[in-house]
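I opened a notebook for this structure and wrote down each thing I looked up. The entries follow in the order I made them.

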Amino acid sequence: MAEPVASVVSRVVVVPLDSLVESTQLVRFEYDAADVAELADSIRAVGVVEPLVVRPRGDGFEIIAGMRRYHAAKLARLAAVPCVVRECSDDEAVILALTENVNRRDMNVVEEGVTFGKWLEATGKDVADLAKVLGRDPSYVYKRLSILEMDPDSLNGMVRGDLSLHHALELKRVADPSTRAYLLDLTVKNGASVSVVRGWVDQYLREGEAMPAPDLGQQVQSGAPGPPVPKMGCFFCGRDAGEVMLRARFVCSECDAGLRVELQRQGRTDV
């Protein structure tokens, strides 16, 4: 006869995989396939070392924390996994999952931002309370909450790993979506550092906000010229800077060549 749910609460039990369901309360985006496969290999060798955290739901259990382990266990074709069973409300489930997952390497900054927002909404508490739960500085929480106001391109870039949170925060300062999309593309293609992106944004805010904002997403008819690409003026002469960059400044080819000649004349070799 099956053991009643009440008697297994608060201790580790072995639960069949087909008795587990994914949570509808928690937010996850995606799992790196290679990372899950690597964990599955480890599980085949030594089993699931860290139990999943679950709560009773109907005739089975809902996963609160351990979704990555759950997917890896399925890939490893396990029949059952160890679980810690907890009786908890929806709000408590979100808090438990957040506390469990926030420092895990498989949780990206976008997932953190969305989960932080969900926690604040569910509990009615403030950023200081969440920072205390996480053992983090409030600025850590505020930065990730700002993700909730970012455009889809920036969010996707962070999920893919093409863009760091600090890159995205710099780009967020550009209100015009077309110019922001252009600078984001430059950032990814050039592997630009945060300080370089900050310089681009500073220069745009100082000099470029009056530029007409092209619609980079508009359809171009066959044979018709494409929309103009926003370019920053050269930091030295004001002409179109093209694609040449000097540290965090846009510089035209002519000024760039002149600078290199002058620096070489001075014996500088770091150009």
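Which residue in S4 does Val53 stand opposite? I looked it up and found Ala65.

Before going on, I noted that this is a predicted model. I checked the confidence: the mean pLDDT of the protein chain is 76, and 68% of its residues reach 70 or more. Residues 1-9 have pLDDT below 50, and beyond near neighbours in sequence this stretch has eight contacts in the model. Residues 240-249 also stay under 50, and there the model has 33 contacts beyond four places in sequence.

**Entry on S4.** I returned to the strand that holds Ala65. S3 and S4 pair in the antiparallel sense, over five bridges. They form a hairpin with two residues between them, and I found that Gly58 in the turn has a positive phi of about 60°. I then looked for a further partner of S4: strand S2 (residues 20-21) pairs with S4 in the parallel sense, over two bridges. Val21 has Glu62 in S4 as its bridge partner. I also checked burial, and six of the six residues of S4 are buried, so S4 is largely enclosed by the rest of the structure.

**Entry on the cores.** I looked up the largest nonpolar core, which has 21 residues. Those that touch the most other members are Leu20, Leu52, Val54, Ile63, Tyr70, Val81 and Cys83. Two or more residues come from each of strand S1 (12-16), helix H2 (33-46), strand S3 (52-57), strand S4 (60-65), helix H3 (67-75) and strand S5 (80-85). I took Leu52 as an example and left out residues up to four places away in sequence; its contacts include Leu20, Ile63, Tyr70, Val81 and Cys83. Leu52 also touches Ala65, the residue opposite Val53. As a general note, nonpolar side chains tend to be buried together in soluble globular proteins.

**Entry on H5.** I tested the length of helix H5 (residues 109-123). At 1.5 Å a residue, its 15 residues should span 21 Å, and the end C-alpha atoms are 21 Å apart, so the two agree. At the start of H5, I found a side-chain oxygen of Asn108 within 3.0 Å of the backbone nitrogen of Val110. Val110 is buried, and other buried residues of H5 include Glu111, Glu112, Phe116, Trp119 and Leu120. After H5 comes Gly124, with a positive phi near 75°.

Notes:
Residues are numbered from 1 along each chain as its sequence is written. This is a predicted model: local features need pLDDT of at least 70, side-chain atom pairs count only at pLDDT 80 or more; totals for chains, interfaces and linings use all residues. Side-chain values use heavy atoms; hydrogens and water are left out. A nonpolar core is a set of buried Ala, Val, Leu, Ile, Met, Phe, Trp, Tyr and Cys residues joined through side-chain atoms within 4.5 Å. Buried means under 20% relative accessible area, exposed over 50%, partly exposed in between (1.4 Å probe, protein chains only). Helices (H or I, at least four residues) and strands (E, at least two) are DSSP runs, numbered from the N terminus. Contact means heavy atoms within 4.5 Å. The expected span of a helix is 1.5 Å times one less than its number of residues. A polar contact is a pair of N or O atoms within 3.5 Å; within protein, one must be able to donate a hydrogen and the other to accept it, and residues adjacent in sequence count only if both atoms are side-chain atoms. Two strands pair if DSSP finds at least two bridges between them. pLDDT is the predictor's confidence in each residue, from 0 to 100.
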